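Please open the model in a viewer and keep the selection panel at hand. The stops below are arranged so that each selection leads to the next.

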Amino acid sequence: MNPSENDLDQAITTAAAELKKANRVAILTGAGVSAESGVPTFRASDGLWEGHHIEDVASPDGFRRDPKLVWDFYNARRANLAKVKPNPGHFALAKLEERFGDHFALITQNVDGLHQLAGSINVLEIHGSIHRTRCTGCRRIQHHELEPFAELPECEKCGAMLRPDIVWFHEALPQGIWQEATAAAALCDVMLVVGTSAVVHPAASLVPIARRGHIADDKEGSTIIEINLAKTEASEFADIGLYGKSGEVLPRLVEILNEPDA
Ligand code: OAD
Ligand code: ZN
């Protein structure tokens, strides 16, 4: 075993000890947790947005200008997602929820639905879901299979165009879900920050919110554990950094946590 592996093992053991003491746990995940399932991340060089200006395919203005371009883009993502499966990182987080039950919140920026497929229950999708559409007229929300739409989808009730139920640039986050996410962050004893570059706000501000704790309840700040390939904007808040693939680190962490006490 090389020295850095040894360091990582030690850091995982320290992280497991923090989780063992914790009463409430919150997780913040980003695209990195799905990378090992074959879903491209946003800010990698082979990123999803390549060939498209973000504003063209992920903003209300872009959709107004060229809905076909936007739907072609999302249909391609939907077709890709129909083929992918959760990876060991997703499954480890579902197992972690079994341990903490009601005192556990999984806040995700991902729209791919892989956490739920792996068995996670309390998932707060702060950026929406690619499995749903929202009517641009009557705002009705519908679930859909991931098959690409052959034509621009329209609302059966009011005839207006449907759009992906995803939070785009310049749009507000779904308010109720965001409130639940900030409460979970402020009240948790440990937060795991997994596979996110932590550059997109307000999502990334959940990390300093957790760090600060809950002033009204006089609750101390949480222990922050970052799991990523490399350091990020969130690292300055992290007490423990586990730098490796989430699909490898998370199962090791949960396994050590669930070992019977010696
Ligand atoms: P990014 O693509 O910005 O960041 C992905 C992070 O995952 C990077 O920090 C990588 O180092 C890390 N990573 C990659 N592979 C990993 C692996 N196997 N294990 C652990 N970490 C790995 O994605 P997000 O932070 O999720 O918003 O991006 C945030 C938001 O930006 C997205 O939700 C999306 C986008 O605009 C909306 O769609 C509204
Ligand atoms: Zn409608």
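How many aromatic pairs does a search of the whole structure find? The search finds four, where rings of Phe, Tyr and Trp (its six-membered ring) pair if their centres lie within 6.5 Å, planes under 30 degrees apart counting as stacked, over 60 as edge-to-face and the rest as tilted.

Before the first selection, some conventions apply. The model is predicted, so local features need pLDDT of at least 70 and side-chain atom pairs count only at pLDDT 80 or more, while totals for chains, interfaces and linings use all residues. Residues are numbered from 1 along each chain as its sequence is written, chains are lettered from A and ligands numbered from 1 in the order in which they are written, and side-chain values use heavy atoms, with hydrogens and water left out.

**Stop 1: the aromatic cluster**

Select F63, F73, Y74 and W168, which form one aromatic cluster. Begin with F73 and Y74: the ring centres are 5.1 Å apart and the planes stand at 90°, so this pair is edge-to-face. Both F73 and Y74 are buried, a term that means under 20% relative accessible area, with exposed meaning over 50% and partly exposed in between (1.4 Å probe, protein chains only).

Next, turn to Y74 and W168. Their ring centres lie 6.2 Å apart with planes at 40°, so the pair is tilted. This pair links distant parts of the chain, 94 residues apart: Y74 belongs to helix α5 (residues 67-81), and W168 to the loop between β6 and α8 (175-187). Helices (H or I, at least four residues) and strands (E, at least two) are DSSP runs, numbered from the N terminus. The relative accessible area is 1% for Y74 and 3% for W168.

A second example is R99, which lies over the face of F100 at 6.0 Å from the ring centre.

**Stop 2: the zinc site**

Select the zinc ion (ligand 2). Which protein atoms are the donors of this zinc ion? They are the SG atoms of C135, C138, C155 and C158, lying 2.3 to 2.4 Å from the ion; donors are N, O and S atoms within 2.8 Å of the metal (3.2 Å for Na, K and Ca), and sites may look incomplete, as water is not among the atoms. The four donor atoms subtend angles of 96 to 119° around the zinc ion (ligand 2), which makes the arrangement tetrahedral, a label given to four donors if all angles lie between 85 and 135 degrees. Along the sequence, the donor residues follow the spacing C-x2-C-x16-C-x2-C. C135 lies in strand β4 (residues 128-135) and C155 in the loop between β5 (141-143) and β6 (162-166), so the pair ties together parts 20 residues apart in sequence. C135 is buried at 2% relative accessible area, and C155 is buried at 5%.

**Stop 3: the nonpolar cores**

Select I27, L96, L192, L242, L250 and L253. Within the largest nonpolar core, which has 28 residues, these touch the most other members. A nonpolar core is a set of buried Ala, Val, Leu, Ile, Met, Phe, Trp, Tyr and Cys residues joined through side-chain atoms within 4.5 Å. Elements that each supply at least two residues of this core include α1 (3-21), β1 (25-29), α6 (88-100) and α10 (246-258). The largest share, six residues, comes from α1.

Centre the view on L242. Its contacts (heavy atoms within 4.5 Å), not counting residues up to four places away in sequence, include L8, A11, I12, I225 and V249. Apart from this core lies another, of 25 residues, among them V167, C188, A198 and A210.

**Stop 4: backbone details**

Select A198, in the loop between β7 and α9. Its phi is near 55°, a positive value in a residue other than glycine, and A198 is buried at 9% relative accessibility.

In the loop between β7 and α9 (206-212), select P202 as well. The peptide bond from H201 to P202 is cis, with omega near 10°.

Finish at H170, in the loop between β6 and α8. Phi of H170 is near 70°, again positive in a residue other than glycine. Is H170 buried or exposed? H170 is exposed, with a relative accessible area of 66%.

Conventions: Four donors count as tetrahedral if all angles lie between 85 and 135 degrees; four count as square planar and six as octahedral if opposite donors are over 155 degrees apart and all others between 65 and 115; anything else is irregular. A charge sits over a ring if NZ of Lys or CZ of Arg is within 6 Å of the ring centre and within 35 degrees of the ring normal.
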